[in-house]
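Please look over the sequence and the structure shown here before reading the report.

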Amino acid sequence: MELKRVVVTGLGAVTPVGNTPEEMWKNLLNGVSGAAPITLFDASKFKTQFACEVKNFDITEYVDRKEARKMDRYTQFAVVAAMQAVKDCGMDLEAEDKDRIGVVFGVGIGGIKTYQDEVENYVVNREKGPKFNPFFIPKMIADIAAGQISIMYGFHGPNYITASACASSSNALADAFNLIRLGKANAIVAGGAEAAICETGVGGFNGMHALSTRNDEPEKASRPFSASRDGFVIGEGAGCLILEELEHAKARGAKIYAEMVGAGMSADAHHITASHPEGLGAKLVMKNALEDAGMKPEEIDYINVHGTSTHVGDISEAKAIKDVFGDSAYQLNISSTKSMTGHLLGAAGAVEAMATVLAIHDDIIPPTINHEEDDKDEEIDYNLNFTFNKAQKRVVRAGLSNTFGFGGHNACVVFKKYEA
């Protein structure tokens with residue numbers, strides 16, 4: 001069968017560097033860090049006392065207070081990002097066949113704060129007998145983000161979440177892309193959400209020695225591809241893209257940001273948390289994505305890398321890029337927007353895909369911040385253009401976005417300029 005073309009027609013964002021796509025993009029281009037001391041709980045006794053929190057977020061600007069209380073913070077982020085994206089796409093929902101519109105969201109952890117609060121309440125009060133909030137389970141479960149969005153709009157199409165740790169929302173985009181090009185839906189509300197900045201989230205990652213402990217300079221802590229990197233900076237938020245079948249979008253006169261043309265998936269099959277040191281899974285996922293897109297390495301101008309600021313991960317991803325792209329690797333712009341947003345875990349793929357789409361749309365590459373000239377890792381080839389510290393203007397014909405998750409899950413999505 002002939003596969004249908006898929007385009008991006010709407011964007012929504014709730015991130016540590018902006019609560020709309022416009023604000024997020026402006027701050028990314030200006031190299032603004034979202035890292036600061038943790039305010040969501042008292043982190044004074046933790047190894048890591050900072051994070052990339054979402055700031056100035058008021059769910060009641062979007063959702064009735066009574067309904068908001070039924071949602072974990074991650075679901076609130078998901079709902080708001082989806083509302084922004086649906087509005088941005090300009091679809092007349094009264095005229096649409098809602099049986100043909102779906103929701104696929106990526107969530108790595110889900111309602112961890114809700115779980116923590118309920119267990120804590122039980123332990124403190126257990127002598128009185130078990131008493132749990134009736135919304136405990138529906139607030140906590142990861143799939144409820146997609147469920148809440150579909151309920152809000154009455155979308156009856158495919159509805160589920162993807163869970164592959166930090167690759168979750170890239171997998172959501174890949175699934176949404178495939179559903180549309182196979183003719184299973186006209187449009188999918190696709191994205192990801194996460195809100196794990198709480199005692200159990202930070203404490204758990206601290207226990208793994210995964211987080212940076214640069215408490216004296218949090219805004220400089222996320223420094224991908226620099227020798228002094230010491231772990232990732234945990235972030236939170238949500239990103240949402242409206243993926244739509246091209247002819248459906250054209251028929252309603254939709255604005256088109258970019259075309260999604262491919263997606264790849266692979267597994268490291270190596271370690272529960274560490275990347276393969278030679279980047280084998282990363283190489284395979286990029287090759288798979290390029291093959292799916294029917295594109296050659298030299299046709300790609302930008303890679304929004306996973307780039308978490310961990311020792312093994314950054315080295316292995318840089319190696320993988322050189323292996324896949326060969327001589328073309330040196331013509332690429334590479335950047336890690338995690339240097340500004342922190343690592344949004346299950347939401348990372350959607351937010352970084354948005355940055356890739358906007359780089360293509362606006363012909364400008366967001367930077368990788370916090371690199372100092374003398375802070376070089378001997379295992380990284382600095383002839384690659386990591387777009388250090390300052391945004392760079394260039395024609396961006398196509399770009400891909402990498403996300404890799406604990407368990408060895410890898411996902412890569414490919415976008416290019418839309419051409420009629």
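The report below goes through the sheet, the helix contacts and the pockets in turn.

## Basis of the description

The model is predicted, and for that reason local features need pLDDT of at least 70 and side-chain atom pairs count only at pLDDT 80 or more, while totals for chains, interfaces and linings use all residues. Residues are numbered from 1 along each chain as its sequence is written, and side-chain values use heavy atoms, with hydrogens and water left out.

## The sheet

An open sheet with mixed pairing is formed by 10 strands in the order β5-β4-β6-β7-β1-β8-β14-β13-β9-β10; strands are DSSP runs of E with at least two residues, helices are runs of H or I with at least four, and both are numbered from the N terminus. Two strands pair if DSSP finds at least two bridges between them. The edges are taken by β5 (159-162) and β10 (333-335), each with a single partner strand, so one side of each has no neighbour in the sheet. Neighbouring strands are turned against each other by 25° on average, direction ignored.

Between β13 and β14 the pairing is antiparallel and runs over eight bridges, and Ser 401 stands opposite Val 413 in β14. Helix α6 (residues 144-153) packs on the sheet, where it touches β4 (101-106), β5 and β6 (187-194), and its direction makes about 150° with that of β5. Helix α10 (residues 280-293) also packs on the sheet, touching β8 (258-267), β13 and β14, with a direction at about 145° to that of β8. Contact here means heavy atoms within 4.5 Å, and angles run from 0 to 180 degrees between N-to-C directions, with axes fitted as lines to C-alpha atoms, for helices over the stretch in contact.

## Helix contacts

The axes of helix α1 (residues 21-29) and helix α13 (residues 348-362) come within 11 Å and cross at roughly 75°, and the two helices are therefore roughly perpendicular to each other. Angles of 65 to 115 degrees count as roughly perpendicular, those under 35 as roughly parallel, those over 145 as roughly antiparallel and the rest as oblique. Met 24, Trp 25 and Leu 28 of α1 make this contact with residues of α13 including Val 351, Met 354 and Leu 358. By class, the contact of α1 with α13 has eight nonpolar residues, no polar ones and one charged; Ala, Val, Leu, Ile, Met, Phe, Trp, Tyr, Cys and Pro count as nonpolar, Asp, Glu, Lys and Arg as charged, and the others, Gly among them, as polar.

Helices α4 and α8 (residues 199-207) pack at an angle of about 105°, with their axes 8 Å apart, which makes α4 roughly perpendicular to α8. Here Ile 112, Lys 113 and Gln 116 in α4 meet Glu 199, Thr 200 and Gly 201 in α8.

## Pockets

A pocket is an open set of points on a 1 Å grid over the protein atoms alone, where a 1.4 Å probe fits and protein lies on both sides within 12 Å along at least five of seven lines; lining residues have an atom within 4 Å of a point. The largest pocket has a volume of about 460 Å³, a volume being the space filled by probe spheres set on grid points joined across faces, edges and corners. Its lining has 25 residues, and Thr 273, Ala 274, Ser 275, Thr 310 and Phe 406 lie nearest its centre. The lining of the largest pocket divides into eight nonpolar, 15 polar and two charged residues.

The second largest pocket has a volume of about 220 Å³, and Asp 72, Arg 73, Lys 113, Thr 114 and Asp 117 are the closest to its centre among the 14 residues that line it. The largest share of this lining, four residues, comes from α4.
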